[in-house]
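Hi everyone, thanks for coming. Have a look at the fold with me, and then we'll walk through it piece by piece.

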Amino acid sequence: MVDSYKPRKGDKSTSSSQSETSALRRWGIRAIILALIVGLYQWANTINDRFYRLTPEELNETVQHSLRLASELNKNGDSGTNSTIIISTLIDQLVERHPEMSWSTDFKNKRDWVFNNAGGAMGSMYILHASITEYIIIFGSAVGTEGHSGRHTADDYFHILTGQQTAYEAGDLTREIYNPGDVHHMKRGVVKQYVAAPETWALEYARGWIPLMLPFGFADTLFSTLDLITLYHTVRITGKEMIKNLLIGKI
Ligand SMILES: *[C@@H]1O[C@H](CO)[C@@H](O)[C@H](O)[C@H]1NC(C)=O
Ligand SMILES: *[C@@H]1O[C@H](CO)[C@@H](O)[C@H](O)[C@H]1NC(C)=O
C-alpha cells in the first residue's frame, strides 16, 4: 500500500509543503529587501562626506582658541569658569570662521533651549546648526546626569567646555576622564555609559545621517517622560534648522 501511495488534492502533507514554499519565498523577498537597505545605507555612508562643512580638527582648534579668549575676558571679572562668557565667545568664533553657514546664535533666549531625554540621561541643548548630515549644539546639564550614550549612526565629537565628563565601555574597569578642552570622540557604533558632572557644558558636533539618530533622541520622551511639549519644541527647532539649510542648499 505504501508503494502505491499518491498524494491527493487537499492532502495534508501537500498543503504544508506548499505553505513552506510560499514562506520560503516570503523570507527570500524580505532578505533581498534587507540586503538592498543595507547596501543603500552603506552607499549613503560613502557619499555623505561631500556635504560636510566642518572638520573635527578645525573645530577642536576653534574650541581651544575660544577657551583661551574666554579666560582672558574673564580675568577682568570674577575668577573661575563663567559658562556664559565661554559659550558666547565660542559662538562668535564659529560665526567668524564660518560665515557661509547658517547659525543660531541667540543662546540667551530660553525659548530656544529644550530638554533632551535619551538613554536614561537628561540634559538640555541649544541647536547652533542642524542639517541632514551635520549638527552642532551646546549640550549639558546644570545638575549633572548619567546614562547610556546611544549606539549612533554618526560620529560624535564632544568638546568639553566646562565641568567634566567620564565614560567607559563594557569590559573596561577604569574610566576615561574628559576635562575642559578635551574632545570625547564617540565613534560610530561604539556604546558607553557616561556621567556628566554638574555644570558640564559641551559643544557637540555630529556628522553622518542625522535623521537616523533621531529615534534614539525621542525614545525616552515617547516611552518614559511623555513630555510632548518638549518633543514638539525639539521637532519645531530641528525641523526649522534642517529646512532652512536645505533651502540654502546645505544638505
Ligand atoms: C585638540 O587640540 C589640542 C591642542 O592643539 C591637542 O592637544 C589635542 O590633542 C586635540 N585633540 C584632538 C582630539 O584632536
Ligand atoms: C558671567 O559673566 C556675565 C557677563 O559678564 C555676567 O553677567 C554673569 O553674572 C557671570 N556669571 C557668573 C556665574 O559669574
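Let's begin with the sheet: in this predicted model, six strands make up an open sheet, ordered 1-2-3-10-5-8, with antiparallel pairing. Strands here are DSSP runs of E with at least two residues, helices are runs of H or I with at least four, and both are numbered from the N terminus. Two strands pair if DSSP finds at least two bridges between them. At the edges sit strand 1 (113-118) and strand 8 (183-186), each pairing on one side only. From one strand to the next, the twist averages 30 degrees; axes are lines fitted to C-alpha atoms, for helices over the stretch in contact, and angles run from 0 to 180 degrees between N-to-C directions.

Strands 5 and 10 run antiparallel, joined by eight bridges. Asp155 stands opposite Arg207 of strand 10.

Now to helix 2. Which of its residues are buried? They are Val63, Ser66, Leu67 and Ala70, where buried means 20 or more other C-beta atoms within 10 Å of the residue's own, exposed means 12 or fewer, partly exposed is in between, and C-beta atoms are placed from the backbone. The face turned away from that buried side carries exposed Glu57, Glu58, Arg68, Glu72 and Lys75. The buried residues pack against helix 3 (83-97), strand 5 (154-162) and strand 10 (200-208), contact meaning C-beta atoms within 7 Å.

Some housekeeping: residues are numbered from 1 along each chain as written, and chains are lettered from A and ligands numbered from 1 in written order. As the model is predicted, local features need pLDDT of at least 70 and side-chain atom pairs count only at 80 or more, while totals for chains, interfaces and linings use all residues.

How values were computed: Contact = placed C-beta atoms within 7 Å.
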